[in-house]
Amino acid sequence: MTASILAVDIEVWPLAQPFVIARGAKTEARVVVVTVADGPHRGRGEAVPYARYGETPEATRQALLAAATADAATLAATLPPGAARNALDCALWDLDAKRSGIPAAVRAAAMVPWAIPPAPIVTAYTLSLAAPDAMAVAARAARSLPLLKLKLGGGAIDGERMRAVRAARPDARLIADANEAWTLAETPALLSEAAACGFETVEQPLPAEADAALAGMDRPLPVTADESVHVSTDLERLAGRYDAVNIKLDKAGGLTEALRLATAARERGLDIMVGSMVATSLAVAPALLLAGVARWVDLDGPLLLAADRPDGLAIADGIVAPASRRLWG
């Protein structure tokens, strides 16, 4: 399917409160939205260019404008994995659904027989990096949410953060994300602390370029690759280092490659987390098609915004409903 690119827009969505991770803080989500057309039908896709991978909204927009047209069959050869390809790939999925009348979920199921039809599912809610007491207060404020994700920043204080949140929410399921902030020396002790506090997984404890050490390390709980894994071909290099992978469409370059990555991960016996950057429901909707096979779902981006876009996802008490076809797919 070939389509014309009608518009590429940079949008700014203020956050409800600052979002803080080990690499810094943000007060708004800057996303790129591409609109494609094939005759009377329109499709949209949203992506979040990420500075960690050398991306900017402006450069992403220029790459998409330079493409002018999009062909689903050659997209992978036209753009590298990343935000630009993600926006375009998801827009083409949406366009195909609008043109054919066949929901994107049905098409995904045809591509991957293990796909599970969309259904309400629990998403994690992220607690920004802060002092232990402040994170405990935030955890108590999120008392209606059953699955919390802690952003960690390195050092022994991360153990205090995990203990404080567990004490504040003994009822909650907990996962953590170190965002590459731990050192090799402190990682074994912090993983043991996470296990003792009942955490289900820790994401990306070591920098991606230093994660080979995980292969020989005792892991008392599953360790999930995030920054270390983008596409399906990464998995061979990561053998033995991780127990799970965090699949994000912005890293993979769209839903098409994300489905390939999920299939490859399952074949290797790896657990799956499906995540997203901080974005609106338009970016999250395609990722929901992977949620049914994920052990952990981290698609709370719309909850972090001051306001979401029209026809956004319905999320109540941490349970996110399937996307409306008016939104996407």
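In helix 7, which runs over residues 187-196, the residues Thr-187, Leu-190, Leu-191 and Ala-194 are buried. Around the axis they cover an arc of only 100°, which puts these residues on the same side of helix 7. An α-helix has 3.6 residues a turn, so residues three or four places apart point the same way. On the other side of helix 7, Ala-189 and Ala-196 are exposed. The model described here is a predicted one.

The cover over the buried residues of helix 7 includes helix 6 (157-168), strand 9 (199-203) and strand 10 (223-225). Just after helix 7 the backbone reaches Gly-198, which takes a positive phi of about 80°.

## Leu-191 within helix 7

Leu-191 is found in helix 7, and at 0% relative accessibility this residue counts as buried, because buried means under 20% relative accessible area. Leaving aside its neighbours within four places in sequence, Leu-191 is in contact with Trp-182, Val-202, Met-217, Asp-218, Pro-220, Leu-221 and Val-223. The C-alpha atoms of Leu-191 and Arg-219 are separated by 7.0 Å, although the two residues are 28 apart along the chain.

## The chain as a whole

The chain has 10 helices and 15 strands. With 329 residues, a compact globule would have a radius of gyration near 20 Å, and the chain, at 19 Å, agrees with that expectation. Along its principal axes the C-alpha trace spans about 60 × 40 × 35 Å. Buried residues make up 56% of the 329 residues in the chain, and, among contacts between residues at least 6 apart in sequence, 68% join residues at least 24 apart.

The accessible surface of the chain comes to about 12600 Å², and 55% of this surface belongs to carbon and sulfur atoms. The chain carries 32 positive and 38 negative charges, and the mean positions of these two sets are 3 Å apart.

## Two further buried residues

Val-31 lies in strand 2, which covers residues 24-38, and is buried with a relative accessible area of 0%. When neighbours within four places in sequence are left aside, the contacts of Val-31 are Asp-9, Ile-10, Glu-11, Trp-13, Glu-46, Ala-47, Val-48 and Ala-279. The C-alpha atom of Val-31 is separated by 29 Å from that of Trp-182, a residue 151 places away along the chain.

Leu-288 is found in a loop, between helix 10 (281-287) and strand 13 (296-298). Not counting residues up to four places away in sequence, Leu-288 touches Ile-121, Leu-299, Leu-313, Val-320, Ala-321, Pro-322 and Ala-323. Between the C-alpha atoms of Leu-288 and Pro-80, which are 208 residues apart along the chain, the separation is 23 Å.

Most residues other than glycine have a negative phi, and most peptide bonds are trans. Asn-179, a residue other than glycine, has a positive phi near 50°. The place of Asn-179 is in the loop between strand 8 (173-177) and helix 7, and this asparagine is buried, with a relative accessible area of 4%.

Asp-311 is likewise a residue other than glycine with a positive phi, here near 65°. Asp-311 lies in the loop between strand 13 and strand 14 (315-316).

How values were computed: Residues are numbered from 1 along each chain as its sequence is written. This is a predicted model: local features need pLDDT of at least 70, side-chain atom pairs count only at pLDDT 80 or more; totals for chains, interfaces and linings use all residues. Side-chain values use heavy atoms; hydrogens and water are left out. Buried means under 20% relative accessible area, exposed over 50%, partly exposed in between (1.4 Å probe, protein chains only). Helices (H or I, at least four residues) and strands (E, at least two) are DSSP runs, numbered from the N terminus. The arc is that of the directions from the helix axis to the C-beta atoms. Contact means heavy atoms within 4.5 Å. The radius of gyration is taken over C-alpha atoms; the globule rule is 2.2 Å times the number of residues to the power 0.38. Accessible areas come from the Shrake-Rupley method with a 1.4 Å probe; for residues, only the protein chains shown count as cover. Lys and Arg count as positive and Asp and Glu as negative; His and the chain ends are not counted. The place of a charge is taken as NZ of Lys, CZ of Arg, CG of Asp or CD of Glu.
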